[in-house]
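Dear colleague,

Please find the structure below. My notes on what was found in it follow directly after.

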Amino acid sequence: MYSEKVMDHFTNPRNVGEIENADGVGQVGNAKCGDIMKMYLKIEDGVIVDAKFKTFGCGAAVATSSMATELIKGKTIKEAELVTNKAVMEALDGLPPVKVHCSVLAEEAIAAALADYRAKNGMVEDYEGGGCTGCCGGCHAHHQEFDEEE
Amino acid sequence: MNTPVIYLDHAATTYVKPEVFEAMKPYFTEQFGNASSLYSLGRSNRKAVEEARATVARCLGAAENEIYFTGSGTEADNWAIKGIAQAWRKKGKHIITSSIEHPAVLHTCQYLQKEGYDVTYLPVDSEGFVNPADVEKAIRPDTVLVTIMMANNEIGTIQPIKEIAEITKKHGVFFHTDAVQAAGNIPINVKDLGVDLLTIAGHKFYGPKGVGALYIRKGVKIDSFMHGGHQERGKRPSTENVPGIVGIAAALDLAVKSLDAYYQKTYALREKALNKIMERIPHVKLNGPRENRLPGNLNLSFRFIEGESLLLMLDMKGIKASSGSACSSGSLDPSHVLLAIGLPHEIAHGSLRLTFGEDNTDEDVDYLTDCLTEIVGKLRNMSPLWEDFVKGN
């Protein structure tokens, strides 16, 4: 059901761990839905010099976290903001339809970590956390959407 | 090093035992005749079908004319529930079941609700037991059927079927039990249990897939689910699946003959695995009871990790298991059984079902424990929930 790339990033996930005194930390998802991603960023002069993650979730959740950190490392904040869930999915040679929400979570985790960085640096006034933090049924919505496309 | 293959999913399905396969073989080739044909090729197959029926009847403590072959356990469940509901709809349209049934029962009940029937889904306790007193309380004048599984497929809980049957008998309500997981693992005697209908499926006890049987107590009026020829006394028409029927009977016969030894073996493996895992890995919960549980069933929740990741990593080590987690089944909700016994979602997501069988050994349990210790450690190190727990958040 998973591509070789997904299995590779699941079995040998890149950038697992924490960053001490990270410049930006974002956590999205919730245990109820079965996926939580926490992303840590080290940012110097507007460039993401290091990214690490911790994930509770399925194979796709781990693989998308791993790929997302790979994709944003070395990028400027502006460039990282343009990394979408589609880009993460493409880099993994696709995901099964029911797992697309994992890539959305990865995009949201990046956004949440960047928003935290901005908030810490007084770059935005009202940061509301970003991503999904409660059970909104959104995961199920993604699930259904893609089921219908099949 | 070659990765071993260790199959720990016997509740999902089993292989066909060689002696069962040998018994089935001739009916695919030389003895292909239609059991309804009058010439000898057909007559000998009629004999094979009726001998199989006698064997299944004997193994379940039933009479021959109380056994009907079906295409699967799911079909037998559908037939029992819809057939009784239809036949007795003038008496009433209320059915009682439990909240932890197999989808073959749950979804059939949900279908009947759409057709205007009323269904009561009884709760279970934290170990998955239905309280017989709850069954009695739920019975109404318009109740026609109680359907409660004999043993649960996920957590192995064996229900007090006999006690429930006494209640249904007292109130004149039919009682069906889905014994798909029980057959071949624990003794079944329909007269002793006192049930009116009982379902079994061949592939759960080393028989073939695509064949099941429904016991219908003599005198129980039930509508047909399919319409066609005279097969199965006109109640379940379609040309007999002779190799399948011969196979389910041969498998059940073997299972019943070796029931004690099989029970002891699978029970010992399960207990060894449970004790070793609990000793080696912290924050593990046994789901379901320790007593009155299917001997080969082990269902564990590993806190702070998610079940699909666990299954994938076990698979890479050659261990074939199953999970109560959402992701493996394509739905995002965790198992209805684990939620019904009161597990929070995040713990239900991290569950693993191991079901032991004929081909497992003590060495398999040692290997499993080593692999689980390593994998659970790896996944916890990756988990933000574990991180929070360790830091005391």
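In the largest nonpolar core, which has 90 residues, Ala213(B), Tyr215(B) and Val246(B) touch the most other members. A nonpolar core here is a set of buried Ala, Val, Leu, Ile, Met, Phe, Trp, Tyr and Cys residues joined through C-beta atoms within 7 Å; buried means that 20 or more other C-beta atoms lie within 10 Å of the residue's own, with C-beta atoms placed from the backbone. Helix α8 of chain B (residues 242–257) gives the most to this core, namely 10 residues. Because both domain 1 (18–257) and domain 2 (259–390) of chain B give residues to this core, it lies between them. The domain bounds come from an automatic or database domain assignment.

This is a predicted model: local features need pLDDT of at least 70, side-chain atom pairs count only at pLDDT 80 or more, and totals for chains, interfaces and linings use all residues. Residues are numbered from 1 along each chain as its sequence is written, while chains are lettered from A and ligands numbered from 1 in the order in which they are written.

The centres of domain 1 and domain 2 of chain B, taken over C-alpha atoms, are separated by 30 Å. Domain 1 of chain B brings 21 residues to the contact, and domain 2 of chain B brings 21 residues. Two residues are in contact if their C-beta atoms, placed from the backbone, lie within 7 Å.

Between the chains, 22 residues of chain A are in contact with 20 residues of chain B.

Yours sincerely

Conventions:
Buried ≥ 20, exposed ≤ 12 C-beta atoms within 10 Å, placed from the backbone. Helix = DSSP H or I, 4+ residues; strand = E, 2+ residues; numbered from the N terminus.
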